[in-house]
Amino acid sequence: MELRIPLSDLDFGPEEEQAVLDVLRRRWLTMGAITQEFEKEFADFVGANNAIAVSNGTDALHLAALALGIGPGDEVIVPALTFVATANAVLYTNAEVHFADIIGDENLNVSPQEIEKQITSQTKAIFLVHYGGYPCRMPEIVEIARCHNLVIVEDAAHAPGAAIDDRSLGTWGDIGCFSFFSNKNLATGEGGMVVTNRDDLAAKVRSLRSHGMTTLTWDRYHGHAYTYDVVALGHNYRIDEIRSALGLVQLHKLAKNNARRQVITARYRQGIKGKEFAGVELPFLNSTGVSSCHIFPILLPEDADRQVFMDAMRARGIQTSIHYPPIHHFSYYRKRYPGISLPITEAVARREVTLPLYPTLKDTDVDYVIVSSSEALTVARSCAANPVPDSV
Ligand SMILES: *Cc1c(COP(=O)(O)O)cnc(C)c1O
């Protein structure tokens, strides 16, 4: 069957097309005035002193780790129920990760108590992920970090526009990292942003983003500088003007689109209840703060077969996904960190399915996903009750 409802979809229109065309006609493609404008507006939007645009969210996390001086001999606490980039960024610096378990079925974010259990004399930092755009327990985690003299990096890839007590996610820790990958709330294809209130860290990130050089091509072209020095081993993690232009238009739509995501989330929650959904759990019902509602995760009942559920949804033209296969189960991580057990993460990861969520999803589509989910669940339950051998 043809895909009727994808997992996510872009909200791109004439404004995005015009913005890209304008860049092409200005004939300046690499980082310049539009990137500066994007950085300034993004900094204002989250309420940070500094925003530095980069090539993607993974590079944002890597630069955060480098700017904080994380390196060999250091340990960093990270959740395992996240995209692999959160942990990879730490390993790039030759530091080691320690995985912390999540809170539970009702909240898929990292548990402050489990963070504390992972702290050793080598621990340098905590890398947090605001799963689905739902805030981690920041006041508690900030207090733990303060007591143990640890720095905090927020992987806010899911969370542009999310907040606790009017303070944006990404600005609670020392550094916040955003991703503008095409399925994120603010999409530029590839792209990312580092935000921080600490000017010392911002200067390091800016320098390391561009080879550790002291001036930019832009400055030299405009006669602000004629030569440069290289003061650190940096990278080329720059964004470009085309993507910054897309980012600006998308940023202007973000509040409206996040509001629509919240309405859709509420509609799902209203529809996914009652007898036909017995045993299904909806995480984050009691989450505090404002969510950016990046994805809509559900936990299937223990007696349902997830693959059968996802296939039955696909047969109805609906794409679903899994967020996430836990990082410590990947071959590379199994080999590097054998024998790790995270019981709550593992139990949740076995049952999780993500339903479609994007701002242009219509109410009638949401209702169709809900009805289809209840049908798919019936199929998935009867299959699990009568398991078919693999050879059939
Ligand atoms: C998307 C994502 C990233 C990586 O961002 P890229 O821009 O794809 O490099 C990192 N962490 C999380 C939680 C993500 O969802």
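Biologist: Over the ring of which residue does the charged end of Arg167 sit?
Modeller: This is a predicted model, in which local features need pLDDT of at least 70, side-chain atom pairs count only at pLDDT 80 or more, and totals for chains, interfaces and linings use all residues. Residues are numbered from 1 along each chain as its sequence is written, and side-chain values use heavy atoms, with hydrogens and water left out. A charge sits over a ring if NZ of Lys or CZ of Arg is within 6 Å of the ring centre and within 35 degrees of the ring normal. For Arg167 the distance to the ring centre is 4.3 Å, and the ring is that of Trp172.

Biologist: How far from the ring centre of Tyr368 is Arg4?
Modeller: Arg4 lies over the face of Tyr368. Its distance from the ring centre is 3.8 Å.

Biologist: What geometry does the aromatic pair of Phe42 and Phe180 have?
Modeller: Rings of Phe, Tyr and Trp (its six-membered ring) pair with centres within 6.5 Å; planes under 30 degrees apart are stacked, over 60 edge-to-face, the rest tilted. A search of the whole structure finds 13 such pairs. In this one the centres are 5.7 Å apart and the planes make 65°, which is edge-to-face.

Biologist: How many residues apart in sequence are the parts that this pair ties together?
Modeller: Helices (H or I, at least four residues) and strands (E, at least two) are DSSP runs, numbered from the N terminus. Phe42 lies in helix α2 (residues 33–46), while Phe180 is in the loop between β10 (175–179) and β11 (192–196). Phe42 and Phe180 also belong to one aromatic cluster with Phe38, Phe45 and Phe178. The pair therefore ties together parts whose separation in residues is 138.

Biologist: Which strands stand at the edges of the open sheet?
Modeller: The sheet has 7 strands in the order β1-β11-β10-β7-β6-β2-β3, with mixed pairing; two strands pair if DSSP finds at least two bridges between them. The edge strands each have a single partner, so one side of each is left without a neighbour in the sheet. They are β1 (50–54) and β3 (96–100).

Biologist: Which residue of β11 is the bridge partner of Cys177?
Modeller: β10 and β11 run antiparallel and are joined by 4 bridges. In β11, the partner of Cys177 is Val194.

Biologist: Which strands of the sheet does α2 touch?
Modeller: Contact means heavy atoms within 4.5 Å. α2 packs on the sheet, and its direction makes about 130° with that of β1. The strands in contact with α2 are β1, β10 and β11.

Biologist: Is Thr320 buried or exposed?
Modeller: Thr320 lies in the loop between α10 and α11 (331–336). Leaving out residues up to four places away in sequence, Thr320 touches Leu7, Met310, Met313, Val353, Thr354 and Leu355. Buried means under 20% relative accessible area, exposed over 50%, partly exposed in between (1.4 Å probe, protein chains only). At 12% relative accessible area, Thr320 is buried.

Biologist: Which residues does the cis peptide bond join, with omega about 10°?
Modeller: Most peptide bonds are trans. The cis bond joins His323 and Tyr324.

Biologist: What is the phi of Cys293?
Modeller: Cys293 lies in the loop between α9 (241–271) and β12 (296–299). At 4% relative accessibility, Cys293 counts as buried. Although Cys293 is not a glycine, its phi is positive, about 45°.

Key: Axes are lines fitted to C-alpha atoms, for helices over the stretch in contact, and angles run from 0 to 180 degrees between N-to-C directions.
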